[in-house]
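Hello,

Here is the structure we spoke about. Please look through it, and then read the notes below.

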Amino acid sequence: MNRRALLLVGLIVASGRAAVAQDSLPLSNIDRETASLLVRIVDSARARGLPTDPIVAKISQGVLRRAAPDRIVVAAQSVATRLEDARAALAPKPTANDIAAGGDALSVTGVTKAALQAVRSTSPNQPVAVPIAVLAQLVASGVPAKRATEIVMELIRRGASNRQFVDLGNNVNADVGRGARAMASLDVRLQGLTAVLAPNTGAVSAAAADPGLQSGSGPKKP
Amino acid sequence: MTEAERDPILRRALDELRKLPPPDIGAMRRVVAAAAAARVTPFDGEPGVVSPRRGRSIRVWMAVGMAAASAFVGFALRGAWTATTSSAARTVVMVTDSTRSPLRPVVATETDAAPISHQFVFNSRSAHTISVVGDFNRWNPAKAAMVRSSDGELWSVTIPIAPGRHTYAFMIDDSLFTLDPTAPKARDPDLGADGSIVIVGRP
């Protein structure tokens, strides 16, 4: 009876977990084998303590866009891997939102784990989802990753708010959309932003010596 | 007044704790009664005779029942606690009294991660239905149906989004994907499809 009871409890727990996973995944139009793989990827991520929303969102997007099943599986696995990398880079205690933002940033060509680590080291005790999001978007807009990382770190040091980060990212996006070069737009937008931030603390950074980050100075780098 | 109550920080903490709803005694009684009923359910064997093996079985089922009851009560209390702390957090954010500042940093961190309302707008006269789909709503068209304005041309919806960078698209008449002409676009590296980008953050 003991074994039967334990088996019953085990079956209930297992079926409950599967039900949760399948309930949150849009698996109705996916063949059984693919669905099983996807459930396994999500369950594995959950067991490792990773946020599963980005993986489920990627699967849902693939299903909605009628992507090939094997491509959806590879995409889901890629997202899980990036989340794992982001969590390691943002250690020791990143929030789920930080990990999701880091995973998304790592999907942008040029953004590396080292860049995430650098941002985290500048802001060890605060959420970094928004600065990382802006870093990713700056790089996606055409700003070199090294320069974008330096700028984000410097803005964190100087106390830029999330709103100011978002405005910077959106303004550069808008300028690029109107035909401006990303670097030129960034330098101009930084002049406006640095003018209202606290003075540079003199912290060691490549950006601290960059004229583009000095309040009131004109951009010297194209 | 105790020493703890004289401390302004502890007093505030105590005030918040006093706002917690009382536990649902009725629910707890029902769970305990159900566990007790399970305990006396007849097993195989002679009625009224408890063999050593049956005694072990009863202990197993008692343990399972108690674990279920504990889990239920725990979830109920956790839900009440979470709901109360959330509302308390909202209340604290509005406080401007400088003497209450010591509790702010924790609340500010929670607020930083809280979703932010964001409005999406799209222009179409010919569409019958438009939804915004993105990673913030798991690309589910049913979760963010846009509403047509009175002039019949502008569609909009406002939805809560976690701070960060998000990919999205508009889905027209449940079939056609369209990007936001006012937003930057990016190619999804995994699926190869273009999406619009929005970055949201709290002021």
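**Helices 4 and 5 of chain A**

Helix 4 of chain A and helix 5 of chain A cross in a right-handed way; a crossing is right-handed if the near helix is turned clockwise from the far one by less than a right angle, and left-handed if anticlockwise. The two helices pack at an angle of about 115 degrees, and their axes are 8 Å apart. Axes here are lines fitted to C-alpha atoms over the stretch in contact, and angles run from 0 to 180 degrees between N-to-C directions. Helix 4 of chain A contributes Val79(A), Arg82(A), Leu83(A), Asp85(A), Ala86(A), Arg87(A) and Ala89(A), and helix 5 of chain A contributes Ile99(A), Gly102(A), Gly103(A) and Leu106(A). Residues are in contact if their C-beta atoms, placed from the backbone, lie within 7 Å. By class, the residues of this contact are six nonpolar, two polar and three charged. Nonpolar covers Ala, Val, Leu, Ile, Met, Phe, Trp, Tyr, Cys and Pro; charged covers Asp, Glu, Lys and Arg; the others, Gly among them, are polar.

**Background**

This is a predicted model, in which local features need pLDDT of at least 70, side-chain atom pairs count only at pLDDT 80 or more, and totals for chains, interfaces and linings use all residues. Residues are numbered from 1 along each chain as its sequence is written, while chains are lettered from A and ligands numbered from 1 in the order in which they are written.

**Chain A overall**

Chain A has ten helices and zero strands. Helices (H or I, at least four residues) and strands (E, at least two) are DSSP runs, numbered from the N terminus. Of the 222 residues in chain A, 44% are buried. Buried means 20 or more other C-beta atoms within 10 Å of the residue's own, exposed means 12 or fewer, and partly exposed is in between. Among contacts in chain A with a separation of 6 or more, 62% join residues 24 or more positions apart.

**Core and helix 7**

The largest nonpolar core has 80 residues, and Ala76(A), Ile132(A), Val134(A) and Leu135(A) have the most contacts inside it. Such a core is a set of buried Ala, Val, Leu, Ile, Met, Phe, Trp, Tyr and Cys residues joined through C-beta atoms within 7 Å. Helix 7 of chain A gives the largest share of this core, ten residues. In helix 7 of chain A, 13 of 13 residues are buried. Gly142(A), with a positive phi near 120 degrees, follows helix 7 of chain A. Beyond four places in sequence, the residues that Leu135(A) touches include Ala105(A), Val111(A) and Val152(A).

Buried residues of helix 9 of chain A include Phe165(A), Val166(A) and Leu168(A). The buried residues of this helix pack against helix 7, helix 8 and helix 10 of chain A, together with strand 8 of chain B. Gly179(A), which follows helix 9 of chain A, has a positive phi near 110 degrees.

The contact takes 42 residues from chain A and 29 residues from chain B. Elements giving two or more residues to the chain A side include helix 1, helix 7 and helix 9 of chain A. That side has 21 nonpolar, 16 polar and five charged residues.

**Pro26(A)**

Pro26(A) sits in the loop between helix 1 and helix 2 of chain A. Why is Pro26(A) counted as partly exposed? Because Pro26(A) has 19 C-beta neighbours inside 10 Å. Pro26(A) touches Ser60(A) and Val63(A), leaving aside residues up to four places away in sequence. Pro26(A) and Ser60(A) are 34 residues apart in sequence and 6.0 Å apart in space, C-alpha to C-alpha.

Regards

Methods: Two residues are in contact if their C-beta atoms, placed from the backbone, lie within 7 Å.
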